[in-house]
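This report goes through one structure a part at a time. Please keep the sequence and the model in view while reading.

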Amino acid sequence: MDKLVVRGGNPLLGTVRVSGAKNAALPCMAAALLTEEEVILENIPQVRDIETTRRLLSAMGAQVELGYGRAHHRTTIQARNLTTPEASYDLVKTMRASTLVLGPLVARCGRARVSLPGGCAIGARPIDLHIKGLERLGAKITTEHGYVEATANRLKGAEVVFDKITVTGTEDLLMASTLADGETTMQNCAREPEVADLADLLNKMGAKIHGAGTSTICVKGVPKLHGAKHRIIPDRIEAGTFLIAAALTGGDLKVSGCDPTHLTSILQKLQEVGVKTTQGADSIRVMGDTPHQAADVFTEEYPGFPTDMQAQYMALATQADGTSIITENIFEKRFMHAQELVRMGANIKIEGRRAIVRGRTPLSAAAVLASDLRASASLVLAALVADGETIIDRVYHIDRGYEHIEEKLKGVGAEIRRIGEMFPRKAAAPTAQF
Ligand code: EPZ
């Protein structure tokens, strides 16, 4: 199992560049299933979930080329003949976002067979709202042997009101409704920038979407979509992770290639804690070793404080003076990192969906275990300020959503190395998958 070894104590200095957003790239790759023409996506992060999506789409008959070498942030997808509109359990169990193919497949092929994702480290995470929405568009859906089977001659436009705000649920229905017969109005939609980025691509493919990024989205269905070229937005969660790394280590770090307008709630919270930042058009700079005060936070749907930053914020709260109460409102089991931070000397008490963090407590290096993507990021952040050498096990989690994190952190002064194979391996020759 890969491990990361981090020696704490170095302030982060210099500039670190943010990659494309994993949570925008995944739905945009699924959207390529909606047309038989070529879709070219740029600024694709080189993370494990992209590789899993490539395998998922290839297994259906799509041609997927992940660029390497100079073009290594470009992906070309052509789903001319989708022979097997199916997402197998083997792939879905490694990445729940695979369920994003359900809507595009039933819309394009009239049928889809997608494995149910099953449980996850951070919560139950059912897809009942995806299913309900597709049934509103006229799909016939059955669930048996752990698979969702959906069929429809042609989906029909309809009114869809989500019982609960769901990011991939909104994206799945958005994609399905682009090829439906008639108009679809979706309400109580997710407003995440990744949803708006997907709609941007779909409109370039000939869809007629209005209101993406707001809670009401209207889609006029069209008979066919065509190919397009699209640049994925920067990863606001990766950017937020680096901002906290700089604040924790008392460094002077410029996070470049990001969109500060996507980080408003994170920047506001950092300001409240006492972190000094300045913003450029596509960069944010964190300066200096300022004392940090405790501040409560509760996770919310966008534009509220993102649940994907909760674990990283907890690492910061361990080094703030006073008591911070962190309330996790989105996922019921997203405090797995807390006990690992306690192993490093943090003072954290979990009461249901609340974590009570008493700071400032010096952290000392220890062997710790990553349980999910963002939990592993928070352990890396804590290790950057811990006394000694921390060994983080099961870092395959971090490769799912952070591109070359140890290289990026080393580039700004962190003492970090990997035991095991980096993902993706360096200097692989370009491979076209047919
Ligand atoms: C997306 O997951 C992100 N993943 C998650 O990021 C992120 O944590 C989450 O949105 C919330 O912001 C991708 O975009 C690929 P939801 P998603 O549907 O869409 C419940 C990361 O670290 N729900 O918005 O799966 C659900 O259980 C990942 O990059 C239902 O009950 O999340 C949760 O409590 C982790 N029924 C809430 O809604 C449904 O059908 C929000 O989940 C769907 C969701």
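## Helix α7

Helix α7 runs over residues 193–204, which is 12 residues, and at 1.5 Å a residue it should span 16 Å; the C-alpha atoms at its ends are 17 Å apart, so the two values agree. The model is a predicted one, and the figures below are computed from it.

Several residues of α7 are buried: Pro193, Glu194, Val195, Asp197, Leu198, Ala199, Leu201 and Leu202. An α-helix has 3.6 residues a turn, so residues three or four places apart point the same way. Just after α7 comes Gly206, with a positive phi of about 105°.

## Helix α5

Helix α5 covers residues 128–136, and its buried residues are Leu129, His130, Ile131, Gly133 and Leu134. Which elements do the buried residues of α5 pack against? Two of them are helices, α4 (102–109) and α6 (167–177), and the others are the strands β8 (140–144), β9 (147–151) and β10 (159–161).

Just after α5, Gly138 has a positive phi of about 100°.

## The ligand and its shell

There are 21 residues around the ligand, and those that come nearest are Asp128, Thr166, Thr168, Asp308 and Ile330. By type, the shell divides into nine nonpolar, five polar and seven charged residues. Four helices each supply at least two residues of this shell: α1 (22–31), α5, α6 and α12 (373–385).

A polar atom in the side chain of Thr168 lies 2.6 Å from a ligand oxygen. The side chain of Asp308 has an N or O atom 2.6 Å from an oxygen atom of the ligand. On its own the ligand has 830 Å² of accessible area, and the protein covers 89% of it.

## Thr166

Thr166 is one of the residues that come nearest to the ligand. Its place is in the loop between β10 and α6. Is Thr166 buried or exposed? Its relative accessible area is 14%, and because buried means under 20%, Thr166 is buried.

A polar side-chain atom of Thr166 lies 2.9 Å from the backbone nitrogen of Gly169. Leaving aside neighbours within four places in sequence, Thr166 is in contact with Leu129, His130 and Ala190. Of these, Leu129 and His130 are among the buried residues of α5.

Most residues other than glycine have a negative phi, and most peptide bonds are trans. The places below depart from that pattern.

Two peptide bonds are cis. One joins Tyr302 and Pro303, with omega about 10°, and Pro303 is in the loop between β18 (297–298) and α10 (310–317). Another joins Gly359 and Arg360, again with omega about 10°. Arg360 lies in the loop between β21 (354–359) and β22 (367–369).

Asn43 is a residue other than glycine with a positive phi, near 60°. Asn43 sits in the loop between β3 (38–42) and α2 (48–60), and at 13% relative accessibility it counts as buried. His404 also has a positive phi, near 45°. The loop that holds His404 is between α13 (396–399) and α14 (405–410), and a relative accessibility of 12% makes His404 buried.

## Arg7

Arg7 belongs to strand β1, residues 3–7. With 35% relative accessibility, Arg7 counts as partly exposed. What does Arg7 touch, not counting residues up to four places away in sequence? Its contacts are Ala383, Gly388, Glu389 and Glu415.

Arg7 and Ala383 are 376 residues apart along the chain, and their C-alpha atoms are separated by 6.9 Å.

Notes. Residues are numbered from 1 along each chain as its sequence is written. This is a predicted model: local features need pLDDT of at least 70, side-chain atom pairs count only at pLDDT 80 or more; totals for chains, interfaces and linings use all residues. Side-chain values use heavy atoms; hydrogens and water are left out. Buried means under 20% relative accessible area, exposed over 50%, partly exposed in between (1.4 Å probe, protein chains only). Contact means heavy atoms within 4.5 Å. The expected span of a helix is 1.5 Å times one less than its number of residues. A residue is near a molecule or strand if one of its heavy atoms lies within 4 Å of it. A polar contact is a pair of N or O atoms within 3.5 Å; within protein, one must be able to donate a hydrogen and the other to accept it, and residues adjacent in sequence count only if both atoms are side-chain atoms. Accessible areas come from the Shrake-Rupley method with a 1.4 Å probe; for residues, only the protein chains shown count as cover. Ala, Val, Leu, Ile, Met, Phe, Trp, Tyr, Cys and Pro count as nonpolar, Asp, Glu, Lys and Arg as charged, and the others, Gly among them, as polar.
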